[in-house]
Amino acid sequence: MLVLLIPSHLFSQEEEGVYGWVMQDSTEHYVFGDTVFVRSASSIFSNVIDTLFVGHEVLLVNKTGQHFNLKGISAPWVNITYKKNGFSRKGVMWSGLLSFTPMRRAAKKFVFGFERRYSKDTIIDKTNQVLSKYLVVLKVIETGSLIAKTSFLLNDDDSFAYFSGEVHPGGGLEGIQHIIYLKFGGEACGIPFYKYPFAFTGKNLVPMPLLTDISDAGVFYHSEEFVLPSQKGGIKNTIIINIETGESTETLDKKGDLIFKTSKEQHFYNWDGNAFKFLRKHIKTN
């Protein structure tokens, strides 16, 4: 499930510089906030009718049309339904307290969202600009308890149009149960697409090397992908990043396809049970 971001100029002047994400109607989410109030209406002054905790599953029925700004983040109030103590219930919640892509493996839930937005006024090319970063938080929840938590800062730029998450097996890395990929991408050619991978040991979330993909049709491309120990060409307790870059020669082959001048290299990282440490790189020759 992808979550889209709408540029700030579509909101009021008071929300300038703030992005608001649009979650689709009739989609399932986890509660992202540690403790979240369910209200009777779309206002912080409305009655609190229930309390939910991180990881609780809710169905986003639809948006109310009202927005709220908290910690620099603009997001809509939404109508939700959920189950609690065996009963179906409904209410209103601020969507900034809901997770993005719901991810689950057995009893473990992987919950991620934006914690807050940081802004800094600066001068670039003699003009005043606001530079922003979002604090992304990933939590692992099991039977209502927090097992692990990590965070990182994400630049508010063109690679910020949509995002999603996936959970994969550990890939043969010793002591790694799952690898979680948080993906952020742009809408147009030439805009980078980022994958932030984290290895889950069962107790901790360990950051892995960032993966970047970018392409501009007919001009260039750059791709990065993991080779894990369980995959063809994999090495025990090592991750390999295959990196390929291509630049158009502006000539065509016999089939009429563009010919690209390509370069390839590999980066090797050792997994020592606690962290991924860079070992070496290898440049491939054609």
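Colleague: Does Gly 91 count as buried or exposed, and at what relative accessibility?

Modeller: This is a predicted model, in which local features need pLDDT of at least 70 and side-chain atom pairs count only at pLDDT 80 or more, while totals for chains, interfaces and linings use all residues. Residues are numbered from 1 along each chain as its sequence is written, and side-chain values use heavy atoms, with hydrogens and water left out. Buried means under 20% relative accessible area, exposed over 50% and partly exposed in between, with a 1.4 Å probe and protein chains only. Gly 91 therefore counts as buried, at a relative accessibility of 12%.

Colleague: Which strand holds Gly 91, and which residues does Gly 91 touch beyond four places away in sequence?

Modeller: Strands (E, at least two residues) are DSSP runs numbered from the N terminus, and Gly 91 is found in strand 8, residues 87–94. Contact means heavy atoms within 4.5 Å. Leaving out residues up to four places away in sequence, Gly 91 touches Val 38, Arg 39, Ile 49, Val 78, Asn 79 and Ile 80.

Colleague: In what order do the four strands of the open sheet stand?

Modeller: Two strands pair if DSSP finds at least two bridges between them. Strand 9 (residues 103–105) and strand 10 (residues 108–124) pair over three bridges, 16 bridges join strand 10 to strand 11 (residues 127–142), and strand 11 pairs with strand 12 over ten bridges. The pairing is antiparallel, and the order is 9-10-11-12.

Colleague: Why is one side of strand 9 and of strand 12 left without a neighbour in the sheet?

Modeller: Strand 9 and strand 12 (145–155) stand at the edges, so one side of each lacks a neighbour in the sheet; each has a single partner strand.
The name asked for is thus the edge position of strand 9 and strand 12.

Colleague: Which residue in the turn between strand 10 and strand 11 has a positive phi?

Modeller: Strand 10 and strand 11 form a hairpin with two residues between them. The turn residue with a positive phi, about 55°, is Asp 125.

Colleague: With which side chain does the side chain of His 267 make a polar contact?

Modeller: His 267 lies in strand 20 (residues 258–271) and, at 17% relative accessibility, counts as buried. A polar contact is a pair of N or O atoms within 3.5 Å; within protein, one must be able to donate a hydrogen and the other to accept it, and residues adjacent in sequence count only if both atoms are side-chain atoms. At 2.6 Å, the partner of the His 267 side chain is the side chain of Glu 265.
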